[in-house]
Amino acid sequence: MSKLLALKARTKLGDVADLLGFKPSYLAYVLYKLPDAAKYKKFTIPKKAGGEREISSPVGPLKDAQRALSDLLNECRDEIQEATPRKPLSHGFRKKLSIVSNARNHTNRRYILNVDLADFFPTFNFGRVRGFFLKDKDFELDEKIATLLAKIACFENGLPQGSPCSPVIADMIAHLLDVRLVQLAKKHHVTYSRYADDLSFSTNQKEFPAELALLAEAEDGSWIAGDALVKVIEKSGFLLNPTKTRMQIKGSRQLVTGLTVNAKANVTRTYWRSLRSMCRSMYETGSYQLPTLKAGVPEGAAPENITSLAPLAGMMSHVRNVKLKSERLPNDAKPDVVYGHADHVRFWFYKTFVALERPLIVCEGPTDSIYLRNAIAHLPAFQPTLGEKTPEGFSYAMTFFNYTNEVHRILGLTGGASLLVSLMHSYAKRMRVYKHKPLLFPVIILLDNDTVLSPKVAKPLNSHFGTSISNASTDPFFYLTENLYLVKTPHVAGAPMSEIEDLFDAATKTIPVEGKLFHAEGEGFDKAIHISKAPFAHRVVRPHAKAINWDGFTPLLERLVAVLADHAAKVGAP
């Protein structure tokens, strides 16, 4: 059913509570009983241009209500977009749109004008939010419902920065501004787009239209917004921030929403050089300093030495995301198309294997991790060494290599034993580029003890590491190098080889899925009567985890515990 039509039909609090997925009494308590002090947490963050921005972040049940309202309004907006398909003018806070899609509108132009709206979120007071839901032709909600939505969204008579629903509401209200500005832009043969409070206009005309912007009388080459542009913005209920008006002419560096657009949308060279420098500092010393403006450091104060990899990870992801989107590459594009690919590999190798915050288990594929996670959670003998129950759920004492995110593609570890064997051979060599190597926790590669460890594979490993790996070996683990260990699946019932699925009892492997039973792919596998590892993991193991007998995994978990103890002794952990 249409969420927009459902919202338009609502007339009382209980109706809205139902749409948001709450009980009426719960929503009423959040809005009318819960004290303001329990609804928001206030703090400030530094602005790039100086000063501070106050953030009012909702907490507890109000945050849940605002997140649900955000989801509902985004679905309504998607329905409106589908009903009247048109090229988006606003690129902020929307699915599949970003600073990259916004910047791409203005590549390779003679003139680019950027102007900013002043105090964007505070502009939307309670009355304006309520009035929008009452009068906008796409909504036209019942008066009580419009008031209720404004009550959920607003704080201290405005849309708070930090609220999950502020962006979508602000963006919908600002659509009227977009419509008027695109009309003005078309009249003067100019391209227009908006990202939140950042407005951009571009053209290849010989002269930029004076109605939109013109040179100031000052001799510093600055520009001011034209009368027609100011009039439209103020008529739409906004004000310009005159200090942020910027004209960029071809031949100079042109920026839109922080990205260069001279030839194509891309991060600036300064940003990339700074990021590489911070990474080098991290690899050499274990810390780095953020650029002064980004860190919000007061003038004259020494920037902080940072040891967390999270800011660098965010910046690395940003660079990759911009590159992939600006090139319009398909989802399966090779990762080496990304600018500075070697630097991306070096960083994610460091974060994944060198500066671990917990032990890491690298399985042959994602299904093995499903088995291990459930075995640990359902075998109390290994708790809390490998994990423990908490009020929030089960907390694992280690991480499992993620085969579903972008990092596994960047590192070239896309699944399969052969790639893990290559990782083992190259591990020590790849470690040499890092001077600062905490190596506080082990990396455990888990392989099936089958043909993967045939003499053809095991012999080079043994020669390289001085080990005695073979299908017949019974060692609980093999220490290879640095913080790297190899663990094989244990033998089962005297068989010369084993796979991790052999650790399940017969009853589990005979649970049917649509009349089909599990069988390892390869010899004897018939898709007409068998299911492979992935459906077995997702459709048998996960839904039946509580009823499965996990005792067969005990020998394997004992091997993991042995690795943890060995590595702790090597690094001198208490």
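Is tyrosine 40 buried or exposed? In this predicted model, where local features need pLDDT of at least 70, side-chain atom pairs count only at pLDDT 80 or more, and totals for chains, interfaces and linings use all residues, the residue comes out buried, with a relative accessible area of 9%. Here buried means under 20% relative accessible area, exposed over 50%, and partly exposed in between (1.4 Å probe, protein chains only). Residues are numbered from 1 along each chain as its sequence is written, and side-chain values use heavy atoms, with hydrogens and water left out.

Tyrosine 40 sits in strand 1 (residues 40-46); helices (H or I, at least four residues) and strands (E, at least two) are DSSP runs, numbered from the N terminus. Beyond its neighbours within four places in sequence, tyrosine 40 is in contact (heavy atoms within 4.5 Å) with a list of residues that includes Pro58, Leu62, Ile152, Phe155 and Pro160. Its side chain also makes a polar contact with that of glutamine 66, at 2.9 Å. A polar contact is a pair of N or O atoms within 3.5 Å; within protein, one must be able to donate a hydrogen and the other to accept it, and residues adjacent in sequence count only if both atoms are side-chain atoms.

Ile152 and Ala153, both touched by tyrosine 40, belong to helix 7 (residues 143-153), where they are buried along with Ile145, Ala146, Leu148, Leu149 and Ala150. At the start of helix 7, a side-chain oxygen of aspartate 142 comes to within 2.9 Å of the backbone nitrogen of lysine 144.

Now for the nonpolar cores, meaning sets of buried Ala, Val, Leu, Ile, Met, Phe, Trp, Tyr and Cys residues joined through side-chain atoms within 4.5 Å. The largest has 66 residues, and Leu7, Phe133, Phe139, Ile169, Leu181, Phe201 and Leu229 touch the most other members. A second, separate core holds 64 residues, among them Phe353, Ile410, Leu439 and Leu480. As for leucine 7, its contacts beyond four places in sequence include Leu19, Leu72, Phe139, Ile145 and Leu149.

Then there is an open sheet of four strands, ordered 4-5-3-8 with antiparallel pairing; two strands pair if DSSP finds at least two bridges between them. Strand 4 (191-195) and strand 8 (240-249) are the edges, each with a single partner strand, so one side of each has no neighbour in the sheet. From one strand to the next, the twist averages 15°. Helix 9 (residues 175-187) packs on the sheet and touches strand 3, strand 4 and strand 5 (198-203), its direction making about 160° with that of strand 4. Axes are lines fitted to C-alpha atoms, for helices over the stretch in contact, and angles run from 0 to 180 degrees between N-to-C directions.

Within the sheet, six bridges join strand 3 (residues 111-117) to strand 8, with leucine 117 partnered by leucine 240. Six bridges also link strand 3 to strand 5, where aspartate 116 stands opposite aspartate 198. Strand 4 and strand 5 pair over five bridges and form a hairpin with two residues between them, alanine 196 in the turn having a positive phi of about 60°. Strand 5 is largely enclosed by the rest of the structure, because six of its six residues are buried: Asp198, Ser200 and Ser202 on one side, Leu199, Phe201 and Thr203 on the other.
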